[in-house]
Amino acid sequence: MRAMDLAELTGSADRIIVGDVLAADAAWDSTHRDIYTTVEIGVREVWKGAAPANGKIGLRHLGGTVGEIEMTVLGEVGFAVGERAVLFLRHAQLVGMAQGKRRVRWDASAKRWLAEAPDRRGNILVPAGQGAAGVQMQVSDESLDVLREKVRVLLGK
Amino acid sequence: MACAFGLSVLCLAASPARAYVREVSKSNVTLTVFWSNPCITMHFYDGAPPPVLTADDFFAAATRAAALWSFPSLACSDIRLSVVREPMLAADVGYDGKNVIVFRQDTWCRHPPPQDADPPDAACYPSSALAVTTLFNNVNTGELLDADTEFNAVDYTWGDLVAQPTLATNTTADFQYALTHELGHVIGLDHPCYTALPEVPLLKDNTGATELNCYPATNLPPSVANAIMYPSVSLTSDQTKQRALTPDDSQGDCDIYPHAHDTCPVANGGCSVGAKAQARPGQPWRSLLVALAGILGALLVVPRVRKRRT
């Protein structure tokens, strides 16, 4: 996976949201060859694109566990019910696979929301420490407010 | 490292730890994944290969990549990764017991996308992914059941950057290097370091140490940064430097699959299924055995040398 910087993630996404994972269910496809996980997201903020009418969006990604069989697509990311994340989406898929998800957690000591650095665990062939355009990759947590502002600037708002 | 007899134990203790990280179940990070039968066949579909290499070139590179992880090239390993050539243009991937290596040239999607995929491109990968490996494993035992590797020939060119180093660009990658890395995942190795705060707890390497942050690479020991399983390589730098396994890569292979068979048994021939498989989830004792064997070897060899000198 080629590493993508924030500008590329933002530009490639047709929707950027902050949301909570309400449900995640895995099932075999009709051919019983692949497992897909269907995820329901409760949208809290919309940074780019249209807000969903009912306040929810659905994602579907490859991988998951059904019975005793686990399918792992290296580079994909999972969703846990109850977690909150910034999601960079295109056609209801994460942009750049796992890179398009930034988990959000509450920093009790600083009393602020933090957006975790993108997970590139499953990636291969990431240009070392920089994106295709030579932009430094985000490798640490940052304030959700800071990330929101960066995206706003990138979108020219 | 040159070690005088008598200092063997100290030298062994001072040797750099051979560190690697194993793939784990995503739903149970304490469960490492492994093949119960180390004789693994990869079906390579090169009927109409993408430019710039010929089908023969690609097959030769795939065979070399597989051999790096396999006995007898890697004498301490029981793995036999064999590459079988398939003349068809493309192949389905998925849970079918057939391990596949395939180029995607028309669309960067699992081919053909499942008809019930909704939205339609849920089965497609982002253009930023050069190659994708999919693993199926049993979540109770960790046993690997199927592995497929798909190469993105829609957005990238796959070449031999040793033979044609001038091809290196932002969109050209060395096929043998990339496949060697992917085959490391196929046999159950993870990257030796993490690339950001991951979703799962930080993993431990085989020495029990918490894995290191991959970035910046300048902070890493060379054994990690130079490993074939290191997750990062610049497309415009010399990828071919990383074609070979490092000692850490080899150690991972050999610890998971210690050599036990000189020939690969035929199907159902019991190629290490059973007792050895039970040892695969974790073998902290093996490093100790290797160290003891090294000491024993020194005890056996050194007196003979002395005898010759006298």
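## A residue in a helix

In which helix of chain B does B:D255 lie? In this predicted model, B:D255 belongs to helix α5 of chain B, which covers residues 247-256. B:D255 counts as buried because 22 C-beta neighbours lie inside 10 Å, where a residue needs 20 or more to be classed in this way.

## The open sheet

An open sheet with mixed pairing is built from seven strands, which follow one another in the order β4(A)-β5(A)-β7(B)-β8(B)-β6(B)-β4(B)-β5(B). At its edges stand β4 (64-66) of chain A and β5 (80-86) of chain B, and since each has a single partner strand, one side of each is left without a neighbour in the sheet. On average, and with direction ignored, neighbouring strands of this sheet are turned by 15 degrees against each other.

Within the sheet, strand β7 (residues 131-138) and strand β8 (residues 144-152), both of chain B, pair in the antiparallel sense over seven bridges; here B:T133 stands opposite B:T149 in β8(B).

## Helices packed on the sheet

Helix α2 of chain B, formed by residues 55-68, packs on the sheet and touches β4 (39-45), β5 and β6 (99-104) of chain B, with a direction that makes about 165 degrees with that of β5(B). Helix α3 of chain B, formed by residues 175-186, also packs on the sheet, where it touches β5, β7 and β8 of chain B, and its direction makes about 15 degrees with that of β7(B).

Terms used: Residues are numbered from 1 along each chain as its sequence is written. Chains are lettered from A and ligands numbered from 1 in the order in which they are written. This is a predicted model: local features need pLDDT of at least 70, side-chain atom pairs count only at pLDDT 80 or more; totals for chains, interfaces and linings use all residues. Two strands pair if DSSP finds at least two bridges between them. Helices (H or I, at least four residues) and strands (E, at least two) are DSSP runs, numbered from the N terminus. Axes are lines fitted to C-alpha atoms, for helices over the stretch in contact, and angles run from 0 to 180 degrees between N-to-C directions. Two residues are in contact if their C-beta atoms, placed from the backbone, lie within 7 Å. A residue is buried if 20 or more other C-beta atoms lie within 10 Å of its own, exposed if 12 or fewer, and partly exposed in between; C-beta atoms are placed from the backbone.
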